[in-house]
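Thanks for passing this one along. Here are a few comments to read with the model open beside you.

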Amino acid sequence: MTTSELVATGAGEARITYHRAAAPRAVLALGHGAGGGTAAPDLVALAERLPPRGITVALVEQPWRVAGRKLGPAPKTLDLGWRPVAERLAGQGLPLVVGGRSAGARVACRTGASTGAVGVVALAFPLHPPGRPEKSRAQELLASGLPTLVVQGTADPFGGPAEFPELPRGHELVEVPYGGHGFAVPKRAPVGEDEVLGLICSAVGDWVLRLV
């Protein structure tokens with residue numbers, strides 16, 4: 001069953017679209033990146049495949065997307081538009097795992113511990129701007145304050161798995177072979193999109209169920 005609601009935040013109204021499990025054990029809230037919305041293939045796949053495993057998936061559109069703007073605001077404004085949503089979900093009686101892709105993963109890492117979440121799922125965490133490894137954002141990830149799963153493509157120009165520092169206890173990293181920042185794989189790769197999305201959904205689902 002899919003339903004949606006608008007939530008007032010300090011940055012405007014955010015939209016939650018629920019993909020509900022029949023007998024939920026947890027809620028996984030996922031935000032989108034700075035250049036796209038909740039129609040990203042990995043977010044769609046997770047929303048389709050995790051509810052049968054007992055995980056309700058809440059896809060969250062930031063206020064700037066709901067308002068029809070094309071460019072995301074500064075990180076502080078992104079956090080402002082996320083916190084009330086996460087707090088609302090955390091108050092619904094099920095363990096809440098927060099996460100997202102790219103910029104959405106950064107928001108979840110920065111705010112998760114203060115919103116009542118029990119863990120973070122970071123999809124395609126943008127470790128640094130492309131070609132600028134010296135501009136590392138590793139501290140955001142390392143300081144999440146919660147158990148954190150990182151799912152990272154080996155060909156991600158924002159930082160492949162080999163570029164990540166040693167992760168603290170409670171953090172895990174899953175490699176997506178040949179995957180770019182959107183987890184797309186080249187046609188010549190020995191794995192296809194369905195296989196990659198299956199790997200992502202299995203890894204995230206297994207980790208969330210172990211956590212809760």
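The points below go from the whole chain to one helix and then to the cavity.

1. A word on provenance: this is a predicted model. The chain has six helices and eight strands, and from the N terminus they follow the order β-β-β-α-β-α-α-β-α-β-α-β-β-α. The radius of gyration is 16 Å, close to the 17 Å from the globule rule for 212 residues, so the chain is as compact as a globular protein of that length.

2. For setting up a box, note that the C-alpha atoms fill roughly 40 × 35 × 35 Å along the principal axes. The accessible surface is about 9300 Å², with 53% of it belonging to carbon and sulfur atoms. Of the 212 residues, 51% count as buried. Among contacts between residues at least 6 apart in sequence, 64% join residues at least 24 apart.

3. Do look at helix 1, residues 41–49. Its buried residues are Asp-42, Leu-43, Ala-45, Leu-46 and Ala-47. They pack against strands 2, 3, 4, 5 and 6, and also against helix 6 (193–211).

4. Which residues line the largest cavity? The lining consists of Gly-31, His-32, Gly-33, Ala-34, Gln-62, Trp-64, Leu-78, Trp-82, Ala-103, Gly-104 and Val-107. By type, six are nonpolar, five polar and none charged. The space inside is about 80 Å³, and the structure holds one cavity of 30 Å³ or more.

5. As for where that lining comes from, helix 3 (75–90) and helix 4 (103–111) each supply at least two residues. Helix 4 gives the largest share, three residues.

Definitions and conventions
Residues numbered from 1 in each chain as written. Predicted model: local features only at pLDDT ≥ 70, side-chain atom pairs only at ≥ 80, totals over all residues. Heavy atoms only, no water. 1 Å grid on protein atoms, 1.4 Å probe; cavity = no way out; pocket = protein on both sides within 12 Å on 5 of 7 lines; lining within 4 Å. Points joined across faces, edges and corners; volume = space filled by probe spheres on them. Helix = DSSP H or I, 4+ residues; strand = E, 2+ residues; numbered from the N terminus. Nonpolar A, V, L, I, M, F, W, Y, C, P; charged D, E, K, R; others polar. Buried < 20%, exposed > 50% of the residue type's maximum accessible area, 1.4 Å probe, protein only. Contact = heavy atoms within 4.5 Å. Rg over C-alpha atoms; globule rule 2.2 N^0.38 Å. Areas by Shrake-Rupley, 256 points an atom, 1.4 Å probe, with all protein chains shown as cover.
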